[in-house]
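Biologist: I have a chain on screen and want to find my way around it. Can you take my questions one by one?

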Amino acid sequence: MEVLCTRCSRRQAVYFRRHSGERLCLGCLYRSIVKEIKRAFSTVGSVGPGLRVGVLVSETLVLESALLLKVLGEVEERYSGLAIAVTCGDVSEKYLAVVRRYSKDVVPCPELGDSEIVCVRLPKGLDWLRLDLLAVPVTLDDLLECFLRSLVYEHEVRNVGTYAELQHLKVFAPLHRVPRVDLVAYAFLAGVLDEVSCTKVRRPPDAIGKLVTAISIKHPELLFRFLYGAFSREDLRTSVLGRGMGCSQVGSSPV
Ligand SMILES: [Zn+2]
């Protein structure tokens, strides 16, 4: 018997979202991701037409970068805005070809600075792009990974902020409430996974990466407990940017 989508009750469900118990059709899965992106925009106080949003594209976050660029580009297009791919580090021609499918503009970042958000180093010298925002393609899994890495390797209980200000540029993580498994499911169902996975293979996960992946697949509700429980709301509002240098421009997190 055909199982209908929990949300729209009209289309066939194609994805069982473990952490919520919902069975979703592709359209509702897509809209739930878009909803989180829009929520992130409104919490950083940047909504409205005509925004220029940079998306950090990196081959260490192959799927996340491409999908964020795709979905954010579609959202911005509706509001006469623009999503611009900002590539960091070495990016293969094969992956660049994928990126160009989702962004007319692809610009290399001049250099990386000392600041970071959710363990991702941020570029500097982007003033000439006149961006309103810079989006970092990290998921809820990356928040937990970043927290655990600091705990295990540096013996430091770290506040993992999801928002920062670099000079006049707002940096945020619009997918930070989305578990990676949701993105992978969407990519698979929308036929995007193949085109991304034919590029450079993601570096093999270490023990922490494997642990977080196992949690994400088997007990995704724990990711949300981490998000809401491991830190107080006040902690989450406090961005931790960089380790020492470049921390003077830290803003308050909109979580
Ligand atoms: Zn539906």
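This is a predicted model: local features need pLDDT of at least 70, side-chain atom pairs count only at pLDDT 80 or more; totals for chains, interfaces and linings use all residues.

Biologist: How many helices and strands does the protein chain have?

Modeller: Helices (H or I, at least four residues) and strands (E, at least two) are DSSP runs, numbered from the N terminus. On that basis the protein chain comes to nine helices and ten strands.

Biologist: Is Glu145 buried or exposed?

Modeller: Glu145 belongs to helix H4, residues 140–154. Buried means 20 or more other C-beta atoms within 10 Å of a residue's own, exposed means 12 or fewer, and partly exposed is in between, with C-beta atoms placed from the backbone. Glu145 has 24 other C-beta atoms within 10 Å, so Glu145 is buried.

Biologist: Which residues does Glu145 touch, not counting those up to four places away in sequence?

Modeller: Contact requires C-beta atoms, placed from the backbone, within 7 Å. Glu145 lies 9.7 Å from Lys210, C-alpha to C-alpha, though the two are 65 residues apart in sequence. The residues that Glu145 touches are Ile208, Gly209 and Val212.

Biologist: Are helix H1 and helix H5 parallel, perpendicular or oblique?

Modeller: Axes are lines fitted to C-alpha atoms, for helices over the stretch in contact, and angles run from 0 to 180 degrees between N-to-C directions. H1 (residues 26–43) and H5 (residues 180–189) pack at about 135 degrees, with axes 10 Å apart. Angles under 35 degrees are roughly parallel, over 145 roughly antiparallel, 65 to 115 roughly perpendicular and the rest oblique. That makes H1 and H5 oblique.

Biologist: Which residues of H5 meet H1?

Modeller: The H1 side of the contact is Leu26, Leu29, Tyr30 and Ile33. Their partners in H5 are Asp182, Ala185, Tyr186 and Leu189.

Biologist: Which residue in E10 stands opposite Tyr163?

Modeller: E9 and E10 (residues 169–172) run antiparallel, joined by four bridges. Opposite Tyr163 stands Phe172.

Technical notes
Residues are numbered from 1 along each chain as its sequence is written. Two residues are in contact if their C-beta atoms, placed from the backbone, lie within 7 Å. Two strands pair if DSSP finds at least two bridges between them.
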